[in-house]
Every structure is written in structure tokens, then in C-alpha cells.
Amino acid sequence: MHELIVNLHMHTRYSDGAGTHADLGQAALKTNVDVLLVTDHNTWVQGVDAYYRAGKRRVLLLAGEEIHDQGRDPQKNHLLAFETKRELAHLAHDPQNLVDAIRRSGGLCFIAHPVDPAMPAFGETDISWEAWNVAGFTGIELWNGFSELKAVAKGKLEAILYAFFPETIPHGPLPETLTIWDSLLAKRRRIVAIGGSDAHARPASLGPIHRIVFPYEYHFSTINTHVLTPAPLSGDMSKDRKMIFAALAGGRCFVGYDLPAPTKGFRFSARGRESTAIMGDEISLDNTVTLQAKFPSKTEIRLLKDGKCIQTSRSETLVHVTEQPGVFRIEAYINFLGKRRGWIFSNPIYVR
């Protein structure tokens, strides 16, 4: 399998971002990102899908959409939609109808920032997802880089300090979001986890001090979704986009925090008597299944079964033999800037 680094959930001047699509493409070329998935609010921007190149570097930019009901106060239920090939924002008032329409269009969708707390100091309201009775969505945004600021900054002073030192913000997916994901998986639902930057690159001023709050290039170097594909990017847009979205839809991906140390090279697989599986796959339990994980460097590893940690170690590899069915996933943690921080969050392997 090949590995592509995807940064998704970001905004341009078509909604509340500061840059153009070209600005995003150029910023990505300065990082290790291979693919950008842009999601402006309630507008599907056509004609901007493109490859950006610099020497041997190539980045593919594709436009999706972040849809929510603009008439609702307070706003809730933001949904990331991809490959719908048409505008669906007019259906935002009915989340189930919206999800159904996305599926009928051949698209896929992810609940954005499932837990997104208020930030009263800046007039930011809680915009968490509430319509948990909805079925049929592809997955959830497990880790949102911008929303995490609202969880850690309790006042204006803290927020200003974080604006100057954004690398101190990320600690991992919010515990409430992890709990929601595990509860959905426990209901035998195939829910894919992704990581989103929610990049805006907004300019801000405080007296004579002017600052871009979290530039695009910064976001592209932090929380990414790494997808496993059968081939590298070919330069054929139709072929490449099908390959990328097939991997995302199938859960053949993991969330990696790439700023402390690159997460590229992480693998999580399972082997039975006659079959093998990777993230997103289901494998039959025939007496035993051996789970294996490999990491780019030594890390704190947690293996979870049905939302409960069943094995821990500090190593570059993990091996676990199970005689029981369950939903198995990996978490890895790393020390960075004096604190323990989330590093890698795999999608599950389903042992049935």
C-alpha cells in the first residue's frame, strides 16, 4: 500500500478563510501534504480542483463543502460533504435528508467537530453536533485542530498566547469525542475517523500587534489524515480522486499529528488462518487473529478493544493475539514540549 498525507476541512475567501485556493496549494507545497480537501461553508466551489507543482513536489486540491443550517440559532450540526457533484446546502435544516441526499449522489460525509465548546471571551458559541439520531454518515472528525483551541483557551489572554505559540495547543482528540466514537462502534456501526485542520488563516490585531492566527502552512504540518492507497498519485485527476475517496470511505486511514514527529509509516494489520486485514477491514475469527502494529519510532502504545484499553507498551511495534471478536483500534502518544500528546489514532479492524 502507498500512503498519502491528506489535510482536510479548510476554508478560503469563499467563506470565512483568508486565502485563495491557490494560496492553499502553494502553502501545501512547502509541507509534506499530498492532498488538500477544501470545505467552504455552504458553498460548493466549482472549477478549482487542480494539481499544484513545485519541482518534483505535487499536491492535489479538491473542493468539498461544509454544510450547516445558517438559519438555526445557535448553529449546530456541521457536516463535511465530498463528491456530491452538486450543491446540497439547501437541505441543511434536515440532517437526515441531507445525509441521504449525499449518499444518493455517490458522495461521502463526515460529522465535523462533533464536540465544539463555546468560547465566550470571543463570542463563539457551542457548535457541537446534536442530531445523533441521524444514520448513514461515513464517519466523524475525531480531531479538529481549530476547535481544540476553544477547549484549551479559557480567556482572551490564553487565546492570544496560543495565537503566538500554536504548537502548544494540540493534545489529542477531545475525550468526549473519543467516547462518542467508541459508543457508535459498539453498536456495530462502521464509522470512519478522520482528522481535520479547520484552517482559516485569519488575520488578527491587538493594538499595534498583527498576526495571522494559525497560517495554512502551520495547519498543514500538524493534524493530518493519512490514507492508504493501492498506488501513488498518478496525475490523472479522475483516477486519483476515486482512489482517495475510496480509501476514506473504507476507513483505510489514520489520524496523525505530524508536528512533533512524522507519523508516516504507521501500519495496523491483522492476520487470520486464511486472510489478512488492514484498518477499515473486517476479518473472520477462526480460532485466533494476530493483530500487529508498526510505528515510525518508539512511542507509548495503547491497544483498545470495544473502547477499552487491553494492552499498553512503549515500543516501535505491538503484537496481540485475540481469541475474541471485537472492534480493535490503536492510540499512540508522544512527549512534545514537555507534555504527553496524542500522536496516532488508527481506524479499527473489525474482528467478527
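**Rings, charges and a core**

Modeller: Ile209 has a relative accessible area of 40%, so it's partly exposed (buried is under 20%, exposed over 50%, partly exposed in between, with a 1.4 Å probe and protein chains only). This is a predicted model, where local features need pLDDT of at least 70 and side-chain atom pairs count only at pLDDT 80 or more, while totals for chains, interfaces and linings use all residues. Residues are numbered from 1 along each chain as its sequence is written, and side-chain values use heavy atoms, without hydrogens or water.

Biologist: Which strand is Ile209 in?

Modeller: Strands are DSSP runs of E, at least two residues long, and helices are H or I runs of at least four, numbered from the N terminus. The run holding Ile209 spans residues 209-213, and that's strand β11.

Biologist: How are the rings of Trp129 and Trp132 arranged?

Modeller: The whole structure has 12 aromatic pairs, meaning Phe, Tyr or Trp rings (six-membered ring for Trp) with centres within 6.5 Å; planes under 30 degrees apart are stacked, over 60 edge-to-face, the rest tilted. For Trp129 and Trp132, the centres are 6.4 Å apart and the planes sit at 65°, so the pair is edge-to-face.

Biologist: How many residues apart are Phe254 and Phe266?

Modeller: These two also pair edge-to-face, 5.0 Å centre to centre with 75° between the planes. Phe254 is buried at 0% relative accessibility, and Phe266 is buried at 0% too. The pair links distant parts of the chain: Phe254 belongs to strand β13 (residues 253-257) and Phe266 to the loop between β13 and β14 (267-271), a separation of 12 residues.

Biologist: Which arginine has its charged end over the ring of Tyr333?

Modeller: Tyr333 is part of a cluster of ring pairs with Trp143, Tyr257, Phe336 and Phe345. A charge sits over a ring if NZ of Lys or CZ of Arg is within 6 Å of the centre and within 35 degrees of the ring normal. Arg190 lies over Tyr350 that way, at 4.2 Å. Over Tyr333, 3.8 Å from the ring centre, you'll find Arg340.

Biologist: Which element gives the most residues to the largest nonpolar core?

Modeller: That core has 37 residues, and Leu79, Phe137 and Trp181 make the most contacts inside it (a core joins buried Ala, Val, Leu, Ile, Met, Phe, Trp, Tyr and Cys through side-chain atoms within 4.5 Å). Elements giving two or more residues include β6 (79-82), α2 (95-104), β8 (139-144) and α5 (175-186). With five residues, the top contributor is α5.
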